[in-house]
Amino acid sequence: MSDRPRPATTGGGTALLGAAALVALATTIVLGLRLPPTVEQGPYARLIAVHPPLAWAAYLAFAVCALASVLWLWRRTRAPKWDRLAVASAEVGVVFCALTLVTGSIWGRPTWGVWWTWDARLTSTALLLALFAGYLALRKVSVDPETRARRAAIAALVAVADVPIVHFSVDWWRTLHQGRSLAQITPQDDLDGSYTSVMLLGFVAMTLLYGWLVAHRSRVEALEARLEAEGLDLALEERRAESEVVEAVAR
Amino acid sequence: MSEGYVFAGYGVTVATLGLYALRVLRRGRNLRRTLDGSLDASSRSAAPAVHRTPDGA
């Protein structure tokens, strides 16, 4: 067996984070499904416990991807770990962003009467998903790791510019989508207290889950990089052995 | 039916996140196994032949 350290996909801190995420998510679901129906939206308002927190997790994931990309692009801080964090965060963000669109569509059907409308919030969110799906596709292009990381980092910085557009779209344009959920939490809010607390718990749950997923996904990237390097080492060893045999035969 | 949309929203969230988490965990486990196998193979091939026992241990 080799004495070289191998990156694991689990650790004490990660396991604790996973357990906390699971408890928070389970509590959010139980409490969210038991929220009282509202006058305006009836039982559909219960989706507030998952839909805005999913959107928040997507924002967070894409912001972390952009930050990691900056750290990779900046020569002083350039390290492979930032590229791994960027791709891990982008992939997790794409999952959260897709779920934001799906849960929003499920909420929109009974409240607006349509599954989809070309509203500014919905359209900019769909664009955000497409941009980061493109970012992941760009990473599949077969080039050397450094070129791939540089191209991806620049693409992430372009894509992340859509996040503030998504967030403020409900203020900048007249939209069918309701206003920002967090903006409704004020002393004079019209949001029931139980709704506010369950939604905030949802934000905590999705943040913890994001952290746990990114920790695992980053380590998967590290393992893939290690495997790629090991594969190259093995191939080089085989080549050397082959050339030694050829030389011995020639002599 | 009205409750159906709510359950669908929660259901799709839990199912998707659960499946994605399992996929990431499985990918990590498989990579680790592959890596362990390739490292063991390379250390065996690098070892002198005189140290090997007939059963390959």
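Helix axes are described here as lines fitted to C-alpha atoms, over the stretch in contact, and the angles between N-to-C directions run from 0 to 180 degrees. Helices (H or I, at least four residues) and strands (E, at least two) are DSSP runs numbered from the N terminus. The structure is a predicted model, in which local features need pLDDT of at least 70 and side-chain atom pairs count only at pLDDT 80 or more, while totals for chains, interfaces and linings use all residues. Residues are numbered from 1 along each chain as its sequence is written, and chains are lettered from A and ligands numbered from 1 in the order in which they are written.

Chain A contains seven helices and zero strands, giving the pattern α-α-α-α-α-α-α along the sequence. Its C-alpha atoms fill a box of roughly 90 × 35 × 35 Å along the principal axes. The radius of gyration of chain A, taken over C-alpha atoms, is 23 Å, whereas a compact globule of 251 residues would have a value near 18 Å; the globule rule is 2.2 Å times the number of residues to the power 0.38. Of the 251 residues in chain A, 38% are buried (20 or more other C-beta atoms within 10 Å of the residue's own; exposed means 12 or fewer, partly exposed in between, with C-beta atoms placed from the backbone). Two residues are in contact if their C-beta atoms, placed from the backbone, lie within 7 Å. Among contacts in chain A between residues at least 6 apart in sequence, 79% join residues at least 24 apart.

Helix 4 (residues 120-138) of chain A packs with helix 5 (residues 145-159) of chain A at an angle of about 180 degrees, and the axes are 10 Å apart. The two helices are therefore roughly antiparallel (angles over 145 degrees; under 35 is roughly parallel, 65 to 115 roughly perpendicular and the rest oblique). Helix 4 of chain A contributes Leu131(A), Phe132(A), Tyr135(A) and Leu138(A) to this contact, and helix 5 of chain A contributes Arg151(A), Ala152(A), Ala155(A), Ala156(A) and Ala159(A). These residues comprise eight nonpolar, no polar and one charged. In this classification Ala, Val, Leu, Ile, Met, Phe, Trp, Tyr, Cys and Pro count as nonpolar, Asp, Glu, Lys and Arg as charged, and the others, Gly among them, as polar.

Helix 4 of chain A also holds Arg121(A), which is buried, with 23 other C-beta atoms within 10 Å. Leaving aside residues up to four places away in sequence, Arg121(A) touches Val166(A), Ser169(A), Val170(A), Thr175(A) and His177(A). Arg121(A) and Val170(A) lie 49 residues apart in sequence, with 6.3 Å between their C-alpha atoms.

In helix 6 (residues 162-172) of chain A, the buried residues are Val163(A), Val166(A), Ser169(A) and Val170(A). They lie on the same side of helix 6 of chain A because they cover an arc of only 125 degrees around the axis, the arc being that of the directions from the helix axis to the C-beta atoms. These buried residues pack against helix 2 (51-73) and helix 4 of chain A. Exposed Pro164(A), Asp171(A) and Trp172(A) are on the face turned away from the buried side of helix 6 of chain A.

The contact between the chains takes 34 residues from chain A and 28 residues from chain B. Helix 7 of chain A gives the most to the chain A side, with twelve residues.
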